[in-house]
Amino acid sequence: MREQLIRKAEIFPIEFIVRNIATGSLTKRLDISEGTVLEKPLLEYCFKKDELQDPLISKEHIYSFGWATEDEIKIIDKITLRINDLLLGLFRGIGIKLVDFKIEYGKAWNKDTEKKEIVFSIKAGNMKENPLENFVEGDFSEDNYTFFDLHKSHVDKIVLSFNL
């Protein structure tokens, strides 16, 4: 059985784009050769507004217009680059180059609901321990968020599957 937990979220009006290889609009904007392998992943931000063709923006735009806080962007950047690392390895293992991808985020935090779901997951055997045990709500420091890091052994296993 396939299940999915869906929550109403406040979506950040930002598209986060990770580029590993120069292609498309990046090559046109900066006159870079198509297919140039980037030394490290490039993280770009676009204002999510179709009628403006999702223009490229800077972090200063994000902070100035209140679309996200510096702490939120710092966390999202870190998560996004970890996702890139995971996907690079996964795709490399099956012979696919990950050129680039776009991801969007939202906020859906309800402390009481999250705690109940974690307790349920621990009882059901899906989690070893509570990753929020030492988490301090409202503290956006890196130390605080290491408690909520799913790369730690809070989750017994993550299974990625797909059909060809």
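A salt bridge here is a side-chain nitrogen of Lys or Arg within 4 Å of a carboxyl oxygen of Asp or Glu. The views below show a predicted model, in which local features need pLDDT of at least 70, side-chain atom pairs count only at pLDDT 80 or more, and totals for chains, interfaces and linings use all residues. Residues are numbered from 1 along each chain as its sequence is written, and side-chain values use heavy atoms, with hydrogens and water left out.

**View 1. Arg19 and Glu44 form a salt bridge.** Their closest N and O atoms are 2.6 Å apart. Arg19 sits in strand S2 and Glu44 in strand S3 (residues 37-47), 25 residues apart. Helices (H or I, at least four residues) and strands (E, at least two) are DSSP runs, numbered from the N terminus. Both Arg19 and Glu44 are buried. Buried means under 20% relative accessible area, exposed over 50%, and partly exposed in between (1.4 Å probe, protein chains only).

**View 2. Lys107 meets Glu72 in a salt bridge.** The closest N and O atoms of this pair lie 3.1 Å apart. Lys107 belongs to strand S6 (residues 106-107) and Glu72 to helix H3, so the bridge ties together parts that are 35 residues apart in sequence. Lys107 is partly exposed, at 36% relative accessible area. Glu72 is buried, at 12%. Elsewhere, salt bridges that share partners join Arg19, Arg29, Glu44 and Asp100 into one network. The count of salt bridges comes to 8.

**View 3. Lys49 and Glu51 pair through their side chains.** The N to O distance in this salt bridge is 3.5 Å. Lys49 is partly exposed, with a relative accessible area of 32%. Glu51 counts as exposed, at 62%. Side chains of opposite charge can pair when their charged atoms come close.

**View 4. Strand S3 pairs with S2 and with S4.** Two strands pair if DSSP finds at least two bridges between them. S2 and S3 run antiparallel and are joined by 7 bridges. Phe16 has Tyr45 in S3 as its bridge partner. S3 and strand S4 (residues 56-57) also run antiparallel, with 2 bridges. Here Cys46 stands opposite Leu56 in S4.

**View 5. Aromatic rings meet around Trp67.** Rings of Phe, Tyr and Trp (its six-membered ring) pair if their centres lie within 6.5 Å; planes under 30 degrees apart count as stacked, over 60 as edge-to-face and the rest as tilted. The structure holds 4 aromatic pairs. Phe47 and Trp67 are stacked, at 4.4 Å centre to centre and 10° between the planes. Phe47 lies in strand S3, and Trp67 in the loop between helix H2 (59-64) and H3, 20 residues apart. Phe47 is buried, at 16% relative accessible area. The centres of Phe65 and Trp67 are 5.2 Å apart and their planes stand at 35°, so this pair is tilted. Phe65 is exposed, at 54%. In another part of the model, Phe16, Tyr45 and Tyr105 form one aromatic cluster.
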